[in-house]
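Reader: I have a structure to look at and would like to go through some of its parts. Could we take them one by one?

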Amino acid sequence: MRAVSNLISSLSHSCIDFLFPSACPICGEPVSTHGELCADCWASFNWIGNPKCVKCGYPFPASIDLGDRPLCPTCASGGCVLDLIRAACVYDDVSRSAVLPFKHTGRIKYAKFMSRAMMWALRDVDIRPDIVMPVPLAWRRLCHRGYNQATLLARPIAKAMNAVMDVDSVHRKYRPDMGHKNAKQRAENIRGAFKVVHPNKIRGKKILLVDDVMTTGATFAELHRVLTKAGASAVYGVVFCRVMRAI
Ligand SMILES: [Zn+2]
Ligand SMILES: [Zn+2]
């Protein structure tokens with residue numbers, strides 16, 4: 001019975017591939033795997049490799065030899081509260097031109113390559129989260145946008161990591177956009193924005209937060225504060241891209 005259903009499934013996929021050949025979600029060039037980028041588009045992103053900070057993933061110039069476990073100045077001085085952060089790529093013109101339509105104009109077909117890149121960014125770390133949690137959106141924004149882009153990224157990551165997807169344990173209050181605020185203003189703006197409404201699901205759990213962009217890290221830090229207060233045993237973060245600031 002399973003063989004029959006597998007056959008039907010593979011036939012239907014073949015039909016879909018025949019009717020709708022796989023195309024790069026960014027430029028439309030033919031690709032072999034649905035949802036993946038063509039080689040040129042893939043090469044246009046500034047993917048973060050090594051060397052990087054072992055804690056927050058901040059990339060260092062390749063020419064610098066910092067030993068096996070390099071730490072950036074922020075992490076060395078205790079400035080990063082999360083247990084670990086990883087980003088797939090740097091926020092630049094290329095990643096911005098993918099993230100903005102993904103977030104604001106319904107380009108949800110980007111979720112596949114973005115989430116795969118985020119899993120790639122986590123490939124060299126030994127974390128086993130119990131829970132994968134997309135950074136919550138305020139209801140007002142969710143109603144306006146129709147979807148939470150972080151949820152689209154988190155779902156395949158939770159599946160790959162065999163972790164529970166949690167979209168309802170934390171609520172977020174609406175706050176005005178943080179667009180051009182500096183690090184201090186962003187931290188003040190986000191303070192008190194999250195509320196853990198199901199602490200029983202959080203207590204003793206290792207949680208991986210998922211978002212599309214990390215700007216100053218203020219959102220992750222505030223979530224870390226409320227989740228730790230609710231008893232989370234570890235809080236990690238992964239994003240598609242991070243804004244690079246001098247450290
Ligand atoms: Zn392409
Ligand atoms: Zn660091």
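Reader: In which hand, left or right, does H8 pass H10 in their crossing?

Author: This is a predicted model. In it, the axes of helix H8 (residues 183–190) and H10 come within 9 Å. H8 passes H10 in a crossing that is right-handed.

Reader: How many charged residues does the contact of H8 with H10 have?

Author: On the H8 side are Ala183, Arg186, Ala187 and Ile190, which meet Ala218, Thr219 and Glu222 in H10. Arg and Glu count as charged. By class, the contact has four nonpolar residues, one polar residue and, as charged residues, two.

Reader: Which strands does helix H10 lie across?

Author: H10 spans residues 218–229 and runs at about 160° to E6. The strands that H10 lies across are E1, E6 (206–214) and E7 (234–242).

Reader: Which strands stand at the edges of the sheet?

Author: Five strands form an open sheet with parallel pairing, in the order E1-E7-E6-E2-E3. A strand at an edge has a single partner strand, so one side of it is left without a neighbour in the sheet. The strands placed like this are E1 (84–90) and E3 (164–165).

Reader: How many nonpolar residues are in the contact of H5 with H7?

Author: Helix H5 (residues 111–121) and helix H7 (residues 149–160) pack at an angle of about 50°. In H5, Ala111, Met114, Ser115, Met118 and Met119 meet Leu152, Leu153, Pro156, Ile157 and Ala160 in H7. One residue of this contact is polar and none is charged, and the nonpolar residues number nine.

Reader: Is Ala23 buried, exposed or partly exposed?

Author: Ala23 lies in the loop between helix H1 (2–19) and helix H2 (39–44). Within 10 Å of Ala23 there are 16 other C-beta atoms. A buried residue has 20 or more and an exposed one 12 or fewer, so Ala23 is partly exposed.

Reader: What distance separates the C-alpha atoms of Ala23 and Glu36?

Author: Along the chain, Ala23 and Glu36 are 13 residues apart. Their C-alpha atoms are separated by 7.9 Å.

Definitions and conventions. Residues are numbered from 1 along each chain as its sequence is written. Chains are lettered from A and ligands numbered from 1 in the order in which they are written. This is a predicted model: local features need pLDDT of at least 70, side-chain atom pairs count only at pLDDT 80 or more; totals for chains, interfaces and linings use all residues. Two strands pair if DSSP finds at least two bridges between them. Helices (H or I, at least four residues) and strands (E, at least two) are DSSP runs, numbered from the N terminus. Two residues are in contact if their C-beta atoms, placed from the backbone, lie within 7 Å. Axes are lines fitted to C-alpha atoms, for helices over the stretch in contact, and angles run from 0 to 180 degrees between N-to-C directions. A crossing is left-handed if the near helix is turned anticlockwise from the far one by less than a right angle, and right-handed if clockwise.
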